[in-house]
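Try each task before reading its solution.

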Amino acid sequence: MQRYALNILLPAAAAFIVVLSQMGALDLYVQSVIMFMAINVIMSASLNLVNGNMGEFSCGHGGFMCVGAYVGSLLSMLLFTNSKLFGAALLPGYSALVLFPLVLLGAGAAAALVGVIVAVPSFKTRGDYLAIITLAVNYMVISAIQNLDVIGGPRGLTGMRPTMSAMEDVVNLPWMMIWVLIGAFGSVALIRRYISSTYGKGVNAVCQDEIAAEIMSVDTNRIKLVTFMVSSGLAGVAGALYAHVVGYVNPGSFDILKSTEAMVMVYLGGMGSLSGSVLSAVLFTLLLEALRPLQIYKWVLVPLILILLMQFRPEGIMGNKELPDMFPRLRKYFTFK
Amino acid sequence: MEFVFQNILNALQWGSFYALIALGYTLVYGVLLLINFAHGDIFMVGAYIAYFVATLFLATVGLSPSATLTLAVPLTMILTACVGVTLERVAYRPLRRKGAHRLYVVITALMCGLILENGNLALLGASRKNFPELLEKTVYNFMGLSVTNLKVVVIFTAIAVFLLLQFIVTRTKIGMAMRGIAWDKFAIPLMGIPVDTIIVFTFVLGSGMAGLAGLLFAMSYPVLEPYMGALIGWKAFIAAVVGGIGDIRGAFVGGFLLAFLEIGVAAVFPSTLRDLIAFTVLLLIMWRKPTGIFGVAKHQKI
C-alpha cells in the first residue's frame, strides 16, 4: 500500500486543485500561476534530461517550445475552430474533449523532429560546441517563424482559445487546468520511467563516460538521438499548453530569455535530479510571481538571489540526489531507481 | 561593382565589432574553459562608460572633441576592465575555489549579464542615450567608393588589436602561462605560476577590448540602449565558436565570417532572412567541422 502512496496522492492533489478551481475557490490569477508552474515543470524536467542526466549543454530549449506552441495552435485551429486561416473546423467542437491530446502529440512530434537537427551533430561533438548548435537552432526557429507571414510572422498568432471554450460548452469544467496538469504529471512520469528503465541507464552512462559506455555495448548515438527527441518533444508539449493557456503566441517570447529561464531552473534544482528540477520550477515560478510588484527591479533581484544561492550551495538545491536520498524516510513511499 | 565593395566595407566594419567582442569570449574560454555569457553586457557597459566619460569631458570640463577621444579610449578600457575583473572576483572566483561544476559558473555568468542589463535599465531608465560626436566626420571618395574615417579607424583598430593579442598570447611569458593553464590547470601552480593573477590579466585583456569595442560602436551607431549588448554578444559568441573557441585567430576569422554572411544575405535577400540564412550556414560549418575552423579536436585517452 505504501508503495502506491505517491501514485494515489498526486492525482488526488491534482483533482483537488481542479475541484477548487471549479468551485471558484481559486481566483483566475492563482489558477494561471498554477498553470504556468506546471508548464515550467515540464520545461525544466525535460531540459534536465539532456543537461543533467546526459551531461550535454543545451541552451536553446526555448526554440523547441516555440515549434510546439506554433504547431499545437495551428493543429488546434485546423481541427476544432473556425478560423480565418483554415476556414471551417474539420471536426465538431465537442470532439476536442477526446481528441485534444492529438494536438499535444502533434506539437510534441514536430518539436522532436526539430530536435533531430541538434541530435545528429551531437554524435560527433559535445560540450560547448553542441551548446552553440542548440543556440543557433533557437535563433533559426524564431527567425524562420518571423519570416512566415502566413501564420502572423513577428505579429504572432491568436485563435486557439475557442478550442477550450468548445470543451467548456460540452462539460463545464476548467479544461485548461485539467490538460495542463495531465501534461505536467504525464511528462514527469514519462521522464522518470525513461531514466529508471534499463534502456535509460544508458543516458547516465553517456554522461559519465561515453567511451566506456560504448565498450559496454551501449548504443551511444541512439541514446543521444532518443533522449534529445524525448526532451525536445516534451518541450513542444509544454509549448502547445502554453499557447492554449495564454491564447496568443509570438516568436519573440521564445527567445534566449526563455531558454535561460529553463536552464536556470535545471541548475537551480541540481543537475540530474528530477525531483530537484520539479521543485525548483515550482519555487522559481513562485519567486517570479512574488516579486512581480517590483517591476524592473525584479530582474535585478532574481539574478542576484540566484547568484547568492550558487555561492552558498554551488550544486543546486538537491545536488545530484533525489528526494528519497535526502530524506530516507520517504523511501517507504516512493523510490526512483 | 561599387555596390559590392561598399558592402564589403560594411562587412569589415561589423566584423571588427564581432571580432573585438569574440576575443573576450575566446580569451576567457581559452584559460578557464568558462563561457563568460556576461561578456556581451560588459560590451554594453563599455559603451555606457564611454558615453559618460565623453559627456563629462566635453560638457563639464570643456575639452575639445579630439582631446576627449584621446582621454576616453584609455579611460573606457580601464574602467570596463575594472567591471570585468570585479565580476571575476565577486562571482566566478568563489565558485571556482569551491570546485563547483563548470556549468554552474556559466549560469552565474548568465545571471551577472542579466543584472548588468536590467540594473542599467532600472538605474538609467529606458530612454536612449545619444552619443556625442568625437571624431569629425570626413568622407574619402576613392574610385567611386565613399569611406568615412570612422570606418577606417574601426577596421584598423581591430587588426591592430589582433596583432597585439596574437603577440601577447604566442610570444610573451604571460601568454605562455595563459596557454599553460588551458593545457593543465593542476600542474601549472606547481611550476610557480600565479594562476589567479594570470586569470585576472585575461579578464583585463578581454574586458578592455570589449570596452574599446563599446566606444567604437557608440561612435559608429550613436544610440545607446541597455539591451544593445545582448544580441551582439550572443552572435559574437557564436562567431567565436565557429572560428574555434580558445584561438585568437578563430575569433577574428569567425567574427568576419559572420559579418560577411549577414551583410551578404541582407544585400541579396530581404533583410528579414538575415539571421535564418546566416545561422544555417554556420550550422552547416559546425556539422562539417565540429570543433570550428581553427579548433583542434582533443583526443580522449582511454
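**Exercise 1. Find which residues Val161(B) touches, leaving out those up to four places away in sequence, and decide whether Val161(B) is buried or exposed.**

Solution. This is a predicted model, so take the positions as predicted ones.
- Begin with the contacts: beyond residues up to four places away in sequence, Val161(B) touches Leu20(B) and Met209(B).
- Now count neighbours. A residue is buried if 20 or more other C-beta atoms lie within 10 Å of its own. Val161(B) has 21 C-beta neighbours inside 10 Å, and therefore counts as buried.

**Exercise 2. Classify Asn221(A) by its C-beta neighbours.**

Solution. 
- Asn221(A) is part of helix 10 of chain A, which runs over residues 220–246.
- Because Asn221(A) has 15 C-beta neighbours inside 10 Å, it counts as partly exposed.

**Exercise 3. Describe the side of chain A that touches chain B.**

Solution. 
- Start with the totals: 35 residues of chain A are in contact with 38 residues of chain B.
- On the chain A side, the elements giving two or more residues are helix 5, helix 11 (256–269) and helix 13 (298–312).
- Helix 5 of chain A supplies the largest share, 12 residues.
- By residue type, this side of chain A divides into 26 nonpolar, 6 polar and 3 charged.

**Exercise 4. Look at helix 11 of chain A: how many of its residues are buried, and what follows it?**

Solution. 
- Helix 11 of chain A has 14 residues, and its end-to-end C-alpha reach of 20 Å is close to the 20 Å expected.
- The helix is mostly covered, with 13 of its 14 residues buried.
- After it comes Gly270(A), which has a positive phi, near 110 degrees.

**Exercise 5. Work out what covers the buried residues of helix 10 of chain B.**

Solution. 
- Helix 10 of chain B (residues 274–288) has 15 residues and reaches 22 Å from first C-alpha to last, close to the 21 Å expected.
- Its buried residues include Leu276(B), Phe279(B), Leu282(B) and Met286(B).
- Their cover includes helix 5 (128–147) of chain A, along with helix 8 (228–243) and helix 9 (248–268) of chain B.

Note on methods
Residues are numbered from 1 along each chain as its sequence is written. Chains are lettered from A and ligands numbered from 1 in the order in which they are written. This is a predicted model: local features need pLDDT of at least 70, side-chain atom pairs count only at pLDDT 80 or more; totals for chains, interfaces and linings use all residues. Helices (H or I, at least four residues) and strands (E, at least two) are DSSP runs, numbered from the N terminus. The expected span of a helix is 1.5 Å times one less than its number of residues. A residue is buried if 20 or more other C-beta atoms lie within 10 Å of its own, exposed if 12 or fewer, and partly exposed in between; C-beta atoms are placed from the backbone. Two residues are in contact if their C-beta atoms, placed from the backbone, lie within 7 Å. Ala, Val, Leu, Ile, Met, Phe, Trp, Tyr, Cys and Pro count as nonpolar, Asp, Glu, Lys and Arg as charged, and the others, Gly among them, as polar.
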